[in-house]
Amino acid sequence: MTKIAVILTQGFADWEYALIAGTGGPFFGMQVEFFTPQAGEVKSQGGLAAIVSRRLDEIRAFEPSVIVVVGGTIWESEQAPDIADLLRAHHERGVAIAGVCGGTVALARAGLLNEVNHTSNNAEFLLQNAQNYRGTAHYHPSASAISDRGVISAPGTAPVSFTAAVFEAAGLATDALQQFKAMLGAEHLEPVMAEATS
């Protein structure tokens, strides 16, 4: 069974992990587990209180195919956990590392965005919040997720393409992946109105 580890922090963004958790397991047979710096309660930006029993140091034993760093305002503060070593170590072992919105700051601080094509909320966001970020030459102002060499990045406004990129890295079959993207994107297509008949 494909395993995805999702890292939550205090003030995590409610919409950025929802499709991964809500469809990854129930519909696509993946095992999605949550991890936090300290086991216990974390509260989302929207006020949802979640009890997470697994700590970050338990991720290695879980053996995920993908590690997802969910965004939240903590990544722009001094309270942000230092997970750079963890992310680098897993990436070196072949685990795909994914960050969305503020989660891209964690990837930048780990040096994972310095040599790969990537995106985020904007380039200045990374420069302001990750002192060792040196990847501006590889930054793309994309509205959708970008995946390059085992590193997935996305702005906070792209939860669907981010989820699709995570599922692709986790090995979801191409037909299922296309079905997922088509279903979630359908509401944004121009509606075809039936012609009135006389």
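**Note on aromatic pairs and helix packing**

1. Phe12, Tyr17 and Phe34 form one aromatic cluster. The structure is a predicted model, and a search of the whole of it finds six aromatic pairs. One of them joins Phe12 to Tyr17 in an edge-to-face arrangement, with 5.6 Å centre to centre and 70 degrees between the planes. Both Phe12 and Tyr17 are buried.

2. A further edge-to-face pair is formed by Phe28 and Phe167, at 5.6 Å centre to centre and 65 degrees between the planes. Phe28 lies in the loop between H1 and E2, whereas Phe167 belongs to helix H6, so this pair ties together parts that are 139 residues apart in sequence. Phe167 counts as buried because its relative accessibility is 0%, the cut-off for that class being under 20%.

3. Helix H6 spans residues 159-169, and its buried residues are Pro159, Phe162, Thr163, Ala164, Ala165, Val166 and Phe167.

After H6 comes Gly171, which has a positive phi near 95 degrees.

4. On which side of H1 do its buried residues lie? The residues concerned are Glu16, Tyr17, Ile20, Thr23 and Gly24. They cover an arc of only 155 degrees around the axis, and therefore sit on the same side of H1. An α-helix has 3.6 residues a turn, so residues three or four places apart point the same way. The cover over the buried residues of H1 includes the strands E1, E2 (31-35), E5 and E6, together with the helices H6 and H7.

5. Leu184 is located in helix H7. It counts as partly exposed because its relative accessibility is 24%. Once neighbours within four places in sequence are left aside, Leu184 is in contact with Leu19 and Val160. Between Leu184 and Ile67 the C-alpha to C-alpha separation is 22 Å in space, and the two residues are 117 residues apart in sequence.

6. Strands E3 (residues 40-43) and E4 (residues 49-52) run antiparallel and are joined by four bridges. Val42 has Ala50 as its bridge partner in E4. The two strands E3 and E4 form a hairpin with five residues between them, and in the turn Gly47 has a positive phi of about 95 degrees.

Notes. Residues are numbered from 1 along each chain as its sequence is written. This is a predicted model: local features need pLDDT of at least 70, side-chain atom pairs count only at pLDDT 80 or more; totals for chains, interfaces and linings use all residues. Side-chain values use heavy atoms; hydrogens and water are left out. Buried means under 20% relative accessible area, exposed over 50%, partly exposed in between (1.4 Å probe, protein chains only). The arc is that of the directions from the helix axis to the C-beta atoms. Contact means heavy atoms within 4.5 Å. Two strands pair if DSSP finds at least two bridges between them. Rings of Phe, Tyr and Trp (its six-membered ring) pair if their centres lie within 6.5 Å; planes under 30 degrees apart count as stacked, over 60 as edge-to-face and the rest as tilted.
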